[in-house]
Amino acid sequence: MSEEVIKAEGLTKVFNKHLTAVDHVNFSVKQGEIFGFLGPNGAGKTTTINMLITVLKPTEGKASVLDFDISKQDYNVRNVIGLVPQEYTADEDLTGLENVLLCADLYGIPRNVAKERAMDLLKLVELTDFKDKKVQIYSGGMRRRLELACGLINRPKVLFLDEPTLGLDVQTRAATWDYIRKLKKEFGMTLFMTTHYLEEADALCDRVAIIDHGKIVVVGSPEELKHSLGGDVITLSVKENADVSELVSKVEHVKEIKKEDNSYRIKAEYGEVTAPFIIEALRRKGYTVTKLSLTEPTLNEVYLEYTGKSMRDAEESREAFVAQRITMRRARGRGR
Amino acid sequence: MSKSNEYCPSRLHGIWALTNRELKKWYKAPVIFLLSIIQPIIWMGLLGKAMNIGALIPKVPGIDPGTVMQQTLGTSDYFSFMAVGMIAFTALFTTMFSGMSVVWDRRLGFLNKVLSTPVSRAVIIFSKVLSATLRSMFQAGLIIVLAIAFGLQFGGNFNPLNILGVFAIMFLVCVGLSSLFIAITIRSTRMETPMAVMNLINLPMMFASNAFFPTKFMPDWLQTIAQYNPLTYTTDAVRQLLIFNTDYTQLALDFTYVGIFSVIVATIGIVLSWRFLSK
């Protein structure tokens, strides 16, 4: 088995002959890592996942999962992957256990093996007490955990997670990340996930690809990406009206300065050490610093840097929008 | 990696799991199940008992309402005539609603989930067709039982084995109809469009058949339509089997027509759906 579990070369999907959702993307996912696709809605994340899980056929280019070609050996691909979809696909009228067993049937797993696995998985995601309750009464977090259990029933070598915490509140989201880490540790598979939450990519992924308008703009570990920005960001204002850019840029470790209305945005290495030097330099020339803040770069800054804009919230399509609304409504839970 | 799945599922696996999923939603939900029983009772009561066609025939000496009805409807009892029409009616509506469930599966992401598993595309469609067919057949059986309880008058040469014939014709027509409805709904992401299309098809299909009224008294143009309507043949087959003095030539014609309709429509519907799912 090769070190690269997923390989994509020039993978492209064009809808209706003119809407390019995914535009010649190249990437590879290594054995055992969590690889994340980060981008706003409509960037082409779900379309990429749908091609990799053989639900959509690529218009151009090729990709393989565990050396199986996604177009030519799609049946083999389906046998080795698991999917945790963006939506809540569990049947509300069935119980948690019945849902997991239904998934097992879809993989042709014999009943006795399926039952054993289902019980183990439900225990791992802490749903044992609710296994005989209808999914109707589950909360958003519980439904998500049930989807995780369903996605793992065939012991996949690669697990695909599409927006695994969409619509969940902050606490439940963090708890879900813990479950994902726990399951990964237990089964040691490779994970491919999409998200539009920056914190999620930062907290979970070993490597992140930032995707915008169907193209990958940059790939790297969250640390590398943040480091590539060249240090921390200091924002400061001075009382006087004069332009102090020239003066500040002479301070050691200051790499870049930009004047924005009444403040300056300074990129500097070792921000916490450099900031006092900047204040000192300004004070010596008779300027008074009125405000100063120091931020270590987050993926948000990385995102801004590479795409030139904040995460925007354009909707993929009416269909995706409706599906998302339903998912979010269900996530809030009715029976809690 | 020689073996990708330790259980090597066959090409047909999953068909029962998916069919049962559909059926469970129905028989495990007491309200829906109860309604599907009450609905035919109401219809039979309303149409069969309220519309007492026999009472419209004037009581003139020399005219026996029973004989008149026998000559026009083929049976002296309108309720029996109508109750059997209900069976085709059920086939049409049950298959239509299972068509709608495809839209839900798509919108809620279940379809995508199933498409990512080793279940073959054809099985996904077959299971929908099969569940609609089984449901309709169950309801047809129920209607027969209820109709008997309400006083259905069997034909002269009725044989209990004829009931099997009723299920056979129901099977044929339901496979055809549900494939047709699934082909209509599978492309749709919203409920409204297929709903409108189906309403446009359903009621005219119902009334341009002999389900409630004999075709020979319809205007010519309507008779022509009814002549090609598979529901006409379905209803006639069920009547031949249950309440008429069975005419085997006619019955053979009915089965042939419905059979051919079913094979053609199911093939088109399944090919279209399959091609759509493999895009």
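Reader: Where in chain A is A:His253 found?

Author: A:His253 belongs to the loop between helix H9 (245-249) and strand S12 (254-260) of chain A. Helices (H or I, at least four residues) and strands (E, at least two) are DSSP runs, numbered from the N terminus. The model is predicted: local features need pLDDT of at least 70, side-chain atom pairs count only at pLDDT 80 or more, and totals for chains, interfaces and linings use all residues. Residues are numbered from 1 along each chain as its sequence is written, and chains are lettered from A and ligands numbered from 1 in the order in which they are written.

Reader: What is the phi of A:His253, and why does this residue count as partly exposed?

Author: Its phi is positive, about 75°, although A:His253 is not a glycine. For burial, one counts other C-beta atoms, placed from the backbone, within 10 Å of a residue's own: 20 or more make it buried, 12 or fewer exposed, and values in between partly exposed. A:His253 has 15 such atoms within 10 Å and is therefore partly exposed.

Reader: What is the phi of A:Arg155, and where does this residue lie?

Author: A:Arg155, a residue other than glycine, has a positive phi near 50°. A:Arg155 lies in the loop between helix H5 (140-151) and strand S7 (158-162) of chain A. It counts as partly exposed because it has 16 C-beta neighbours inside 10 Å.

Reader: How do side chains point along a strand?

Author: In a regular strand they alternate between the two faces of the sheet.

Reader: Which strands are joined to S11(A) by bridges?

Author: Two strands pair if DSSP finds at least two bridges between them. S11(A) runs antiparallel to strand S13 (residues 263-268) of chain A, with five bridges; A:Asp232 has A:Ala268 as its bridge partner there. Six bridges connect S11(A) with strand S14 (residues 289-295) of chain A, also antiparallel, where A:Val233 is partnered by A:Thr295.

Reader: In what order do the four strands of the open sheet in chain A stand?

Author: The order is S2-S1-S4-S5, with antiparallel pairing. Strand S2 (19-30) and strand S5 (68-69) of chain A are at the edges, each with a single partner strand, so one side of each has no neighbour in the sheet. Strand S1 (residues 4-15) and strand S4 (residues 60-65) of chain A pair over five bridges, and A:Thr12 stands opposite A:Glu60 in S4(A).
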